[in-house]
Amino acid sequence: MDFLSPTSLAEALAAKARQPEAVPIAGGTDVMVELNFDQRRPSALLDLNRVAELSEWTVAGEHIRLGATVSYTRIIDELGTRLPGLAMAARTVGSPQIRNRGSVGGNLGAASPAGDTHPVLLATDAVVEAVSVRGTRMIPASEFYLGVKRNALAADELIAAVHLPITSAPQQFAKVGTRNAMVIAVCSVALALHPEQGRVGAALGSAAPTPRRALAAEAFLSAELGDTGQWSAPRPLPGSVVTRFGELVAQAAEPIDDVRGSAAYRRHALAVLARRTLDWAWQDYLRAGHGGE
Amino acid sequence: MTNPSNPSNPSRTRDTALSAPARVPTELTTSVPGGVGSSPHRPDAALKVRGEFAFASDLWHEDMVWGVTLRSPHPHALIRSIDITDALTVPGVRAVLTHTDVPGTNRYGLERPDQPVLAEDVVRYQGEPVALVAADHPETARRAMRRIAVDYQVLDPVVDAEAVVAGAAPLLHPGGNIVRHQPIRRGDPDATAPVVVRGTYRVGMQDQAFLGPESGLAVPAPDGGVDLYVATQWLHVDQRQVAIALGLPVDRVRLTLSGVGGAFGGREDLSMQVHACLLALYTGRPVKMVYNRQESFYGHVHRHPATLRYEHGADRDGRLVYVRAEIFLDGGAYASSTPAVVANAATLGVGPYEVPNVAVDCWGVYTNNPPCGAMRGFGAVQAAFAYESQMDRLAEAVGVGPVEIRLRNAMRRGSTLPTGQVVDSAAPVAELLRRVAAKPLPPPVDPAEVDLRQLPGGVANTTHGEGVVRGVGYGVGIKNICFSEGFDDFSTARVRVEAVGGEVAATVHTAACEVGQGLVTVLQQIVRTELGVRRVSVLPMDTSIGDAGSTSASRQTYMTGGAVRAASHAVRDRLLAMAAAELGATATDLVLAGGAVLSTRDGAAVDLAALLGADAVERTAEWRHRATEAVDPVTGQGNAHVQYGFAAHRAVVDVDTELGLVRVVELACAQDVGRAMNPQAVLGQIQGGSAQGLGLAVMEEIQISAGRIRNPSFTDYLIPTVLDMPPMRIDVLELADEHAPYGLRGVGEPPTISSTPAIVAAIRAATGLALTRVPVRPEHITGT
C-alpha cells in the first residue's frame with residue numbers, strides 16, 4: 001500500500017489526480033477501523049494531516065468556511081455560538097479521543113447514513129467545497145448524499161471545506177442511541193430556523209439509505225409560521241402544529257430493522273425528536289424577543 | 001488429509017534451544033506497608049497506568065511467526081472436503097493445518113471433551129475453528145487463510161433450547177442434546193397457596209467483553225515440548241487439555257501466565273492455546289496468535305441465554321409456600337461449563353428466600369448457537385432476574401412493598417435451602433435490604449439547571465425533561481462461592497523468605513491467575529500480615545508449581561489466599577524455631593513483626609535478615625476448603641456448596657417514557673464480604689460487578705439470528721460508559737465466616753447478580769410495564 005503524504009493542497013490534488021483510487025485519511029476514525037478489520041485494502045492512502053489549508057476555519061462574509069479536517073473538538077470549542085447545530089452534533093460524536101481526531105470532512109467522505117453531522121448540514125443549507133486539479137465545485141449538502149456510503153465526489157476530488165451560514169437563529173440536533181454516550185445513532189433529527197428566509201430546515205439521519213431533508217415537514221412548518229406572521233411576532237406554537245410536524249418528519253424516513261433498532265421504533269422516535277427539537281428551538285426564538293423587531 | 005507439500009518441518013524436535021521471548025511476564029515487587037485489611041497500591045498499578053504493562057498481546061519473540069484461524073461461516077454444516085493446496089502456495093506461509101494434523105486427541109472441554117481442536121466432518125457453530133495458518137506476517141497468514149477451500153454442506157441450525165428439551169431437534173452430539181437436566185425437589189410437590197403469581201422471563205446472551213483479546217505465544221522447546229505464554233484463567237486445566245490434544249506428557253507443556261486484560265469467565269475455555277502450540281511444533285518457530293475484536297466474539301464462550309418459567313405461591317401475607325420453575329439454558333454448540341451452570345441455576349433457583357416446597361427443573365442443552373459457558377454470576381444471574389421479578393409481582397399481588405415482601409421471606413443463618421443444605425454462616429439478607437432501603441434517595445433532576453449528562457440520552461440531547469419519569473427498584477441475590485458438588489477444589493502456594501541486600505524479602509509463587517482483579521496485591525498483603533515482612537515479590541504465575549484452580553467462582557482470594565496463608569504459617573514456624581535456637585527461647589514466646597523476631601516474654605529481638613544469613617526458608621502448601629458433595633440427580637438434595645455470598649441493590653432510574661431511553665441515576669449496594677481483605681479492591685469489585693449487571697439490564701446482548709451473531713463488535717455490542725454507570729452508595733458488611741480464611745467471603749460475583757433485577761424493577765416502577773426480558777431495549781418501553 002502506498003502512503004502519500006502531501007504537504008499542501010496542491011500536492012494533495014495532484015496526488016489524487018494521479019491515483020484516484022487513493023483513499024483520503026485525516027483523523028482515521030473510520031478508515032483505520034476498516035483497515036484494521038481487513039474490510040478494505042486500498043492501494044494507496046492519501047494522508048491529509050500535513051495539509052495546513054484543510055485544518056483551518058475562516059469567516060467568509062455570512063458564512064464559516066470550515067476546513068475539512070478541523071476536528072469536532074475545535075468545532076465545539078471555537079464555533080459553538082456561530083454554528084450551534086453543528087456543535088451540538090459534534091458533541092454527540094464518539095468519545096473525546098474520537099472528537100479530537102474526527103472531522104466533518106471525514107463524515108462527508110464516508111457518507112454513512114448514520115454520520116452525526118449530516119442532518120445538520122442538510123438543515124442549515126451547508127455547501128460542500130469539492131476541489132480537484134480541474135477546479136472547484138460547490139455542492140449543496142442536499143445534493144451530496146447519493147446512496148449508502150456513496151457521495152457526489154468525483155474520483156479525483158477532495159473535500160476542501162464545508163460552508164455553513166453563520167446564524168444567531170435557533171438550531172437543534174438530537175440523536176437517539178441505546179447508550180448515553182459514545183454510540184452510533186439509531187436515528188437523529190436536525191432543525192434550523194431561518195427567519196431571514198422565513199423558512200425552516202429539517203433533516204433526519206440513520207433512518208433512510210442516506211441522510212435526508214424532511215421536505216414536507218419543512219414546507220408545512222414554513223407555511224404555518226409564514227402564514228400566521230410568526231417570524232416577526234412569534235407566539236407559542238399550537239400543539240397540533242408541533243404534532244403534525246413530528247408526523248411529517250417521521251414520514252420522510254425510510255427506516256429498516258437492524259441490530260440497533262426496529263424500523264417502527266425509528267419512525268416513532270423521529271416524531272418525538274422532531275416535536276421536541278421544534279419546541280426547544282421555538283422557545284429559544286420566543287425568548288430571544290424576535291417579536292419586538 | 002495430509003499436507004504432503006507443507007513447507008514446514010513436521011519434525012517436533014529442534015536442534016537449538018530458542019531464547020526466551022523478548023517481552024515476558026515479570027516479577028511484581030512492592031516494598032510498602034500494608035497487610036490484610038488495608039489497601040496498598042497494586043504492584044502492577046503504575047505499569048498499567050503508564051501503558052507499560054505487558055499484556056499477552058504484547059508478547060514478542062525475535063523469531064516468531066503469526067498464526068491465524070479459519071472459522072466456519074455456518075452455524076451448522078457438514079464438511080465434505082478441505083483443500084489447502086492454494087493456501088500453501090502463498091509466499092511466507094509456514095504451515096497450514098487441519099484436524100488430521102492434531103497429533104493427540106482432537107477433543108477438549110472443561111467438563112466433557114466434546115469439542116474438536118479443529119473441526120472434522122461437521123461444524124456446529126458459526127466461528128468454529130476449521131484450519132490454521134502460520135506465516136511470517138499476520139496479513140500473509142490471513143491472505144493464505146482465505147485461499148483454503150472448504151466444501152460445506154449447509155444444514156439447518158438448531159437454535160431453540162426449549163424445542164431441544166421437548167425432543168424436537170436433530171441429534172447434535174452422540175450422547176444426545178441434553179447436556180444436563182437437574183431437578184430440585186423439596187417438600188410437597190403439589191402444595192397450593194391462596195396467592196399465586198406466574199411469569200415467563202428471558203435473558204439475552206451477554207458477553208464478558210474483556211478488553212484484552214485472546215492472545216498468546218507458543219515457543220517450541222528443545223525437549224520436543226512447548227512453552228506457552230498465554231492470557232488465561234486457569235493454567236493447569238489449559239495445560240492438561242493442551243497436552244492431550246498434542247499427545248504430549250503434561251510436563252512437556254509448560255504454561256506461563258501473561259498479562260491478562262480481564263476475563264469474567266470468558267477465558268476458562270481454551271481459545272488459541274492448542275492452535276498456537278500445534279503451529280509452533282509444526283513450524284519449529286515461536287508462534288504468536290492474537291484475535292481481533294470481531295474474532296474474539298467468536299473465540300470465547302458467552303453467558304447462557306435463558307428462558308425461565310416461574311410460579312410462586314404464597315399465603316395472604318406474602319410468605320412463600322412454594323416455588324415451581326422450569327429453566328432452559330442454551331449451552332450452544334459445546335458443553336463447556338454448562339453442567340455446572342445448570343447446577344447453579346437449579347440449586348439457587350428460588351433465590352435467598354426460605355421456601356418450604358420447591359420443584360425446579362433446569363436444563364442445559366446443545367444447540368447450534370455460539371457456545372456458552374462461564375461468566376460472572378454463572379447461572380445465578382439468569383435465575384435472579386426471574387425470581388426477583390416474581391417477588392415484585394408477589395408484592396403487588398399481596399399489596400406490600402418490594403422491600404417488605406423480601407424481608408418476610410429472607411433466608412438467614414440456619415435456613416435450609418431447597419437442596420436440604422443448612423446455611424451455617426452469616427446470611428444477612430434482611431439487613432442488606434434494610435440498609436439499601438434506608439439510604440437517602442438522590443434528588444430529582446432540577447429542570448432549571450439541566451445538565452444533559454444527567455438525563456436519559458445524555459449528551460445526545462434527546463430530552464430536557466420531557467417524558468422523564470423516575471422509578472426505584474430493589475434486588476437481592478445469592479451466589480455459591482468456590483467450586484461445588486464434590487469437586488476436589490484446592491490451591492497451591494510457595495512462600496520463600498531470604499535476605500536480599502541486608503533486607504528481608506519474601507517471594508510468593510502460585511499458579512493463580514491474576515486477571516485484573518488484584519489478587520497479586522492481596523497475596524502480598526497476606527504475606528506481610530503473616531510474616532511481618534515488608535518487601536514482597538509475586539513471581540510470574542506458571543505451571544512449574546502445583547494447581548491453583550481457576551480464577552472464577554469468586555474463589556481465588558479464598559483458595560489461593562488460604563494456600564498462601566498456610567505456606568506463610570509453615571515458613572513462620574521454621575523462622576521461629578530458628579530464632580528460638582538463636583535466642584535460647586521457646587518458639588511459642590516469639591512473634592514475627594517488622595522484619596524481626598520478637599520475644600513476647602522479654603522483648604529480645606533478632607533481625608530476620610541476620611537470622612537467615614545466606615539461607616532461605618521456603619515452604620509449599622496445598623490447601624483445600626471443606627468438602628462438598630454432589631446433589632442427587634433426581635431430587636437435587638445434597639450439601640453442594642461451600643459458602644454463599646449475598647448482595648442487595650437499590651436502583652434509581654430516570655426513564656424517558658416516550659423514547660424508551662434509560663439513565664440509571666444511582667445504585668446503592670450492600671454486600672457482606674466476611675472480611676474486607678483490601679477494602680479498596682472490594683469496592684472496585686462491587687462497582688464493576690454492578691456495572692456488568694447494569695449492562696445486562698439495559699444494553700448488553702449478543703444478538704443471534706439463525707445461529708449467527710449480528711453484532712460482533714464494540715460498535716454494536718454496547719457496554720456501559722462512564723455516563724451510563726452512576727455513582728454508587730456502598731455498604732460493606734464484615735460478618736466473619738468461621739470456615740473461611742480470615743473469615744472472608746468471595747466478593748466478585750454477588751453484585752453482578754442483584755443489580756440487573758433492581759434496575760429492571762426500577763424501570764417497571766417508572767413505566768408500569770411488565771418488562772420480562774433483559775436487556776430492556778427502547779422498543780420494549782415504547783411498544784414500537
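Modeller: Happy to! Let's start with A:Ala111, which is buried, with a relative accessible area of 1%. Buried here means under 20% relative accessible area, while exposed means over 50% and partly exposed lies in between, using a 1.4 Å probe and protein chains only. Before going on, please note that this is a predicted model, in which local features need pLDDT of at least 70 and side-chain atom pairs count only at pLDDT 80 or more, while totals for chains, interfaces and linings use all residues. As for bookkeeping, residues are numbered from 1 along each chain as its sequence is written, chains are lettered from A and ligands numbered from 1 in the order in which they are written, and side-chain values use heavy atoms, leaving out hydrogens and water.

Back to our residue. A:Ala111 is not a glycine, yet its phi is positive, at about 50°. You will find A:Ala111 in the loop between α6 (104–110) and α7 (118–123) of chain A. Helices (H or I, at least four residues) and strands (E, at least two) are DSSP runs, numbered from the N terminus.

Now zoom out along chain A. Residues 1–169 carry the UniProt annotation "domain: FAD-binding PCMH-type", from an unreviewed entry; such annotations may be inferred rather than shown by experiment, feature names are shortened, and positions follow the numbering used here. That span is 30% helix and 26% strand, and its end C-alpha atoms lie 47 Å apart. Chain A is also divided into domain 1 (1–46) and domain 2 (171–287), with bounds that come from an automatic or database domain assignment. Between the C-alpha centres of these two domains there are 36 Å.

B:Cys482, not a glycine, has a value of about 75°. B:Cys482 sits in the loop between β17 (468–481) and β18 (490–500) of chain B and is buried, with a relative accessible area of 2%. Another loop of chain B, between β30 (773–774) and α17 (778–782), holds B:Pro775.

Seven of the seven residues of β6 (residues 129–135) of chain B are buried. Strand β2 (residues 65–71) of chain B pairs antiparallel with β6(B) over six bridges; pairing requires that DSSP finds at least two bridges between the strands. Here B:Leu70 stands opposite B:Ala131. Strand β4 (residues 93–97) of chain B is also antiparallel to β6(B), joined by four bridges, and B:Ala95 stands opposite B:Ala134.
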